[in-house]
Amino acid sequence: MPLDLPSSAICAVCLTFDFDAISAWLSMKERSPTAISRGEFGARVGVSRILSLLEKHDLKTTFFVPGHTADTYPEIVRKIHEKGHEVAHHGYCHESPMDLNYEEEVAVLDKGTSSLRVLTGERPLGYRAPSWKTSLNTLELLLERDFIYDSSTMADDFTPYKCRVGDEASLTHRFKFGRESSLLEIPVAWNLDDWTLFEYEESGGLSAPSKVYEIWVGDFDYMYRHVENGVFTLTLHPQVIGRGHRIVVLEKLIKHMRNCPNVWFARMIDIAKAWKD
Ligand SMILES: [Zn+2]
């Protein structure tokens with residue numbers, strides 16, 4: 001039993017919020033006030049709706065916060081931290097690590113950490129790559145900096161696993177798996193992310209809330225019935241889930257999960273610390 005759950009719990013739920021705010025749009029090279037305002041909505045409206053909902057249901061969770069968001073909205077990020085939620089690393093200005101060389105990735109990682117440390121007084125122990133685009137250097141850099149967990153990859157759905165480093169990929173030879181590291185991966189999935197399902201994109205988005213609920217509750221129910229010691233991780237964004245009909249869906253899902261006995265609602269750091277080799 002690798003996940004040492006609190007007594008009576010049979011599975012865990014991690015509602016995670018990526019508080020990208022304006023940084024996501026800047027990283028997409030957007031400068032239009034309209035694009036900026038989409039990020040601003042998360043800070044002006046989304047976060048307070050989320051904090052109220054979490055407080056109403058007595059839930060503590062994890063917010064992944066780019067350093068740029070912490071520097072732009074220090075009062076909001078401090079409030080998130082003061083309410084007992086974990087503030088974890090999410091780049092500086094939402095840079096995709098795949099677009100950075102080694103030196104740039106080091107600089108962004110350390111700059112993000114120092115912005116969060118100024119506000120919380122603690123260094124972050126968890127990391128999520130912006131857009132989930134880890135580079136070939138990311139996991140090694142996290143290990144060197146004593147991060148405890150990452151939440152960016154998808155090799156499992158409900159069971160955390162140890163990250164590998166040193167994989168060798170070739171188009172002409174079999175894939176060579178590297179060594180297992182001490183960094184715990186708490187996996188994510190596109191179908192458990194609000195952005196692709198809900199947010200307006202030229203390629204899609206804007207799903208009906210009933211469709212999203214069906215996907216999310218379907219995955220939760222599967223895990224609850226079939227996966228021992230599973231962890232159900234949702235990736236949500238204040239600027240997306242904060243809209244009226246969507247926050248209603250999230251509350252409906254929370255109520256459903258609350259009605260299932262022995263579910264542990266946890267911060268990612270709690271999951272990582274409960275993991276036993
Ligand atoms: Zn993000």
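Visitor: How do you know that the sulfur of Cys163 is too far for a bond?
Guide: A disulfide is a pair of cysteine sulfur atoms within 2.5 Å. The closest cysteine sulfur to that of Cys163 is in Cys14, 15 Å away, so the pair is too far for a bond. The whole structure holds 0 disulfides.

Visitor: What are these values based on?
Guide: This is a predicted model, where local features need pLDDT of at least 70 and side-chain atom pairs count only at pLDDT 80 or more, while totals for chains, interfaces and linings use all residues. Residues are numbered from 1 along each chain as its sequence is written, and side-chain values use heavy atoms, with hydrogens and water left out.

Visitor: Why does Cys163 count as buried?
Guide: Buried means under 20% relative accessible area, exposed over 50%, and partly exposed in between (1.4 Å probe, protein chains only). Cys163 is at 3%, so it counts as buried. Cys93, at 15%, is buried too.

Visitor: What makes Asp18 and Arg128 a salt bridge?
Guide: The term needs a side-chain nitrogen of Lys or Arg within 4 Å of a carboxyl oxygen of Asp or Glu. For Asp18 and Arg128, the closest N and O atoms are 2.7 Å apart. The label therefore applies. The pair links distant parts of the chain: Asp18 lies in strand β1 (residues 11-18) and Arg128 in the loop between β4 (126-127) and α6 (138-144), 110 residues apart. Helices (H or I, at least four residues) and strands (E, at least two) are DSSP runs, numbered from the N terminus.

Visitor: Are Asp18 and Arg128 buried or exposed?
Guide: Asp18 has a relative accessible area of 3%, and Arg128 has 0%.

Visitor: How many salt bridges does a search of the whole structure find?
Guide: The search finds 10. Among them is Arg164 with Asp167, at 2.8 Å between the closest N and O atoms. Arg38, Glu199 and Arg246 are linked in a network of salt bridges.

Visitor: What makes a set of residues a nonpolar core?
Guide: The members are buried Ala, Val, Leu, Ile, Met, Phe, Trp, Tyr and Cys residues, joined through side-chain atoms within 4.5 Å. The largest such core has 53 residues, and Phe19 and Trp216 are among those touching the most other members. Helix α2 gives the most to this core, with 8 residues. A second, separate core of 19 residues includes Leu3 and Tyr149.
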